[in-house]
Amino acid sequence: MSIESPAHTHRCHVALRAGFASSGKPVFETLPARAVGLGSYELLGSPGVVEGCAAGDLLKIDADGLFQVEERGPNLCIQAFGEPPFSAESLESLIGAFGPLDGLVEAPADRRFIVVTVPAVVGFPAVEAVMEAWAAGVSGLLEWGFSNVFGPDGEPLNW
């Protein structure tokens, strides 16, 4: 499912199915993308809720928002969820920590979640060290994890 931008014929937004609401209706996350073929898109941003993909991945997306990764891009996607929402200081701290690793840290205005896109060549140990050090300074409940390194059955994707 995509919404084309008339100003940039190949740039668009795609709606990936994130799950279902309690009403049973599907819930979608909209992400920036670039059309590369019929039903195929390169993600230009990493998802905050949808799992299994990251910025730079080539996806085949059907009309229901279900997708398959046709080709993995160069990035890892890390998603963090906090209760209460993350403080501005906490977000700034994570931005500073990922800067030297060429990571991009993003969050909605209410900071209820954080998304990190970082090149996979940085390596899992470096990313885990940053996330664990940051998590130690966060108050409240915190859950974080890699969202694009395991397959649907929980098996590692052999990065």
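Visitor: Which strands does helix α1 lie across?
Guide: Keep in mind that this is a predicted model. Helix α1, residues 88-98, lies across β8 and β9. The angle between α1 and β9 (113-119) is about 5°.

Visitor: And helix α2, what does that lie across?
Guide: Helix α2 covers residues 124-136 and lies across β7, β9 and β10. Its direction is at about 175° to β10.

Visitor: In what order do the strands of that open sheet come?
Guide: The order is β8-β9-β7-β10, four strands with antiparallel pairing. β8 (104-106) and β10 (141-146) are the edge strands with a single partner each, so one side of each has no neighbour in the sheet. From one strand to the next, the twist averages 15°.

Visitor: How many bridges hold β7 and β10 together?
Guide: Six bridges, with β7 (residues 75-83) and β10 pairing in the antiparallel sense. Within that pairing, Ile78 has Phe146 of β10 as its bridge partner.

Visitor: Switching to rings: how many aromatic pairs are there in the whole structure?
Guide: The search finds four. One of them is Phe86 with Trp134, a tilted pair at 5.3 Å centre to centre and 45° between the planes. Phe86 sits in the loop between β7 and α1 while Trp134 belongs to helix α2, so this pair ties together parts 48 residues apart in sequence.

Visitor: What about Phe124 and Phe146, what kind of pair do they form?
Guide: An edge-to-face one, with 5.1 Å centre to centre and 75° between the planes. Phe124 is in helix α2 and Phe146 in strand β10, so to speak distant parts of the chain, 22 residues apart. Phe124 is partly exposed at 27% relative accessible area, while Phe146 is buried at 15%.

Visitor: Which residues make up the cluster that ring pairs link?
Guide: Phe124, Trp144 and Phe146.

Visitor: How many residues lie between β5 and β6 in the hairpin?
Guide: Five, and Gly65 in the turn has a positive phi of about 85°.

Visitor: Last one: how much space lies in the largest pocket, and which residues are nearest its centre?
Guide: About 310 Å³ of space. The lining has 14 residues, and nearest the centre are Glu51, Gly52, Phe150, Gly151 and Pro152. The largest share of that lining, three residues, comes from β6.

Key:
Residues are numbered from 1 along each chain as its sequence is written. This is a predicted model: local features need pLDDT of at least 70, side-chain atom pairs count only at pLDDT 80 or more; totals for chains, interfaces and linings use all residues. Side-chain values use heavy atoms; hydrogens and water are left out. Two strands pair if DSSP finds at least two bridges between them. Helices (H or I, at least four residues) and strands (E, at least two) are DSSP runs, numbered from the N terminus. Axes are lines fitted to C-alpha atoms, for helices over the stretch in contact, and angles run from 0 to 180 degrees between N-to-C directions. Contact means heavy atoms within 4.5 Å. Rings of Phe, Tyr and Trp (its six-membered ring) pair if their centres lie within 6.5 Å; planes under 30 degrees apart count as stacked, over 60 as edge-to-face and the rest as tilted. Buried means under 20% relative accessible area, exposed over 50%, partly exposed in between (1.4 Å probe, protein chains only). On a 1 Å grid over the protein atoms alone, a cavity is a set of points where a 1.4 Å probe fits but cannot get out, and a pocket is an open set with protein on both sides within 12 Å along at least five of seven lines; lining residues have an atom within 4 Å of a point. Grid points are joined across faces, edges and corners, and a volume is the space filled by probe spheres set on the points.
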